[in-house]
Amino acid sequence: MTEAVATTETGRRPPYKIIVDRKPHDWPEQFITGAQIKRLADVDQAAYDAWQDVPGPEDLLIADDRKVDLSPPRVERFFTGKKTTTEG
């Protein structure tokens, strides 16, 4: 007798696997904000931005209060970078 395995078609369940600045993390909630991504990266909140690595030529800037849904069945990748660079 074979046992059926229940799967969800709407996405994953916690913990959600994410990568921030090339380091893997388990996130307990369905959503994560730009501010939370920067905290995981341990960077200066005021001096850095958070970005979501997406296919194509331009990645998505994630504002501090913007929520990213982690439920789709993939590992989301994020990175941080300085907000501005001044030459001089």
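Guide: Gladly. Helices (H or I, at least four residues) and strands (E, at least two) are DSSP runs, numbered from the N terminus. With that rule, Lys38 sits in helix 1. This is a predicted model, where local features need pLDDT of at least 70, side-chain atom pairs count only at pLDDT 80 or more, and totals for chains, interfaces and linings use all residues. Residues are numbered from 1 along each chain as its sequence is written, and side-chain values use heavy atoms, with hydrogens and water left out.

Visitor: How many helices and strands does the protein have, and in what pattern?

Guide: The secondary structure comes to 1 helix and 7 strands. Along the sequence, that reads β-β-β-α-β-β-β-β.

Visitor: Which strands pair, and in what sense?

Guide: Two strands pair if DSSP finds at least two bridges between them. Here strand 1 and strand 2 (residues 23-27) are antiparallel over 5 bridges, with Ile19 opposite Pro24 of strand 2. Strand 4 has antiparallel pairings with strand 7 (residues 76-82), over 5 bridges, and with strand 5 (residues 60-62), over 3 bridges. To find them on screen, look for Tyr48 bridged to Lys82 in strand 7 and Ala50 opposite Ile62 in strand 5.

Visitor: What lies between strand 1 and strand 2?

Guide: They form a hairpin with 2 residues between them, and Asp21 in that turn has a positive phi of about 50°. Asp21 is not a glycine. Another non-glycine residue with positive phi is Asp42, near 60°, in the loop between helix 1 and strand 4.

Visitor: Are those two buried or exposed?

Guide: Buried means under 20% relative accessible area, exposed over 50%, and partly exposed in between (1.4 Å probe, protein chains only). Asp21 is at 28% relative accessibility, so it counts as partly exposed. Asp42 is at 70%, so that residue counts as exposed. Across the protein, buried residues make up 32% of the 88 residues.

Visitor: Where is the cis peptide bond?

Guide: It joins Pro14 and Pro15, with omega about -5°. Pro15 belongs to the segment before strand 1.

Visitor: Which residues have the most contacts inside the largest nonpolar core?

Guide: A nonpolar core is a set of buried Ala, Val, Leu, Ile, Met, Phe, Trp, Tyr and Cys residues joined through side-chain atoms within 4.5 Å. The largest one has 13 residues, and Ile18, Ile32, Ile37, Leu70 and Phe78 have the most contacts inside it. Strand 1 (16-20) and helix 1 (34-41) each supply at least two residues of this core, and the largest share, 3 residues, comes from strand 1.

Visitor: What does Ile32 touch?

Guide: Contact means heavy atoms within 4.5 Å. Setting aside residues up to four places away in sequence, Ile32 touches Ile18, Trp27, Ile37, Leu40, Arg66, Lys67, Val68, Leu70 and Phe78. For the protein as a whole, take contacts with a separation of 6 or more: 60% of them are between residues 24 or more positions apart.

Visitor: Back to Lys38, then. Why does it count as buried?

Guide: Lys38 has 1% relative accessibility, so it counts as buried. Beyond its neighbours within four places in sequence, its contacts are Val43, Gln45, Tyr48, Asp49, Ala50, Asp64, Thr80 and Lys83.

Visitor: Asp49 is on that list. What about its charge partners?

Guide: For charges, Lys and Arg count as positive and Asp and Glu as negative, while His and the chain ends are not counted. A salt bridge is a side-chain nitrogen of Lys or Arg within 4 Å of a carboxyl oxygen of Asp or Glu. Asp49, in strand 4 (residues 48-52), is buried yet has no salt bridge, and the nearest side chain of opposite charge, Lys83, is 4.1 Å away. With neighbours within four places left out, Asp49 is in contact with Lys38, Leu61, Phe79, Thr80, Gly81 and Lys83.

Visitor: How many aromatic pairs are there?

Guide: Rings of Phe, Tyr and Trp (its six-membered ring) pair if their centres lie within 6.5 Å; planes under 30 degrees apart count as stacked, over 60 as edge-to-face and the rest as tilted. That rule gives 1 aromatic pair. Trp51 and Phe79 have ring centres 6.4 Å apart and planes at 10°, so the pair is stacked. It links distant parts of the chain, with Trp51 in strand 4 and Phe79 in strand 7, 28 residues apart. Trp51 is partly exposed at 27% relative accessibility, and Phe79 is partly exposed at 29%.
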